[in-house]
Amino acid sequence: MSRAELLVRLQRVQDMPQMQGRNIRSVAAILSIEALKKHVEVCEAQAEKAALKQ
């Protein structure tokens, strides 16, 4: 998966109501592609978990 694709996924998560008020994208500029992929996966999991609680 390319860096651009990962950033698109991260933007989708950032736009979710569960993630409003959190800045999950600023760290993306300094992460390696592998670290960015892990960050996206963790953020997606957190958003899903928060959605299930609501």
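Which residues on the other side of α2 are exposed? In this predicted model, in which local features need pLDDT of at least 70, side-chain atom pairs count only at pLDDT 80 or more, and totals for chains, interfaces and linings use all residues, the residues in question are Glu34, Lys38, Glu48, Leu52 and Lys53, where exposed denotes over 50% relative accessible area, buried under 20% and partly exposed the range in between (1.4 Å probe, protein chains only). Residues are numbered from 1 along each chain as its sequence is written, and side-chain values use heavy atoms, with hydrogens and water left out.

Helices were taken as DSSP runs (H or I, at least four residues; strands, E, at least two), numbered from the N terminus. Helix α2 covers residues 33-53, and its 21 residues should span 30 Å at 1.5 Å a residue, which agrees with the 31 Å between its end C-alpha atoms; the expected span is 1.5 Å times one less than the number of residues. The buried residues of α2 are Leu36, Val40, Cys43 and Ala47. Seen down the axis of α2, these buried residues fall within an arc of 70 degrees, so they line one face of the helix, the arc being that of the directions from the helix axis to the C-beta atoms. An α-helix has 3.6 residues a turn, so residues three or four places apart point the same way. The cover over the buried residues of α2 includes α1 (3-14), contact being defined by heavy atoms within 4.5 Å.

Helix α1 has twelve residues and reaches 16 Å from its first C-alpha to its last, close to the 16 Å expected at 1.5 Å a residue. Its buried residues are Leu6, Arg9, Leu10, Val13 and Gln14. Viewed down the axis of α1, the buried residues fall within an arc of 145 degrees, and they therefore line one face of the helix, whereas Ala4 and Arg12, on the other side of α1, are exposed. The buried residues of α1 pack against α2.

The axes of α1 and α2 come within 10 Å and cross at roughly 25 degrees, the axes being lines fitted to C-alpha atoms, for helices over the stretch in contact, with angles running from 0 to 180 degrees between N-to-C directions. The two helices α1 and α2 are therefore roughly parallel to each other, a term for angles under 35 degrees, with those over 145 counted as roughly antiparallel, 65 to 115 as roughly perpendicular and the rest as oblique. The crossing of α1 and α2 is left-handed, that is, the near helix is turned anticlockwise from the far one by less than a right angle, clockwise being right-handed. On the α1 side, Arg3, Leu6, Leu7, Arg9, Leu10 and Val13 take part in the contact, and their partners in α2 include Ile33, Lys37 and His39.

Arg9, found in helix α1, counts as buried at 18% relative accessibility, and touches Met1, Val40, Glu41 and Glu44, not counting residues up to four places away in sequence. Leu7, also in α1, is partly exposed, with a relative accessible area of 29%; with residues up to four places away in sequence not counted, Leu7 touches Ala28 and Leu36. The C-alpha atoms of Leu7 and Ala51, 44 residues apart along the chain, are separated by 21 Å.

Gln54 is found in the segment after α2 and, at 71% relative accessibility, counts as exposed. The C-alpha atoms of Gln54 and Gln18 are separated by 9.1 Å, these residues being 36 residues apart along the chain.
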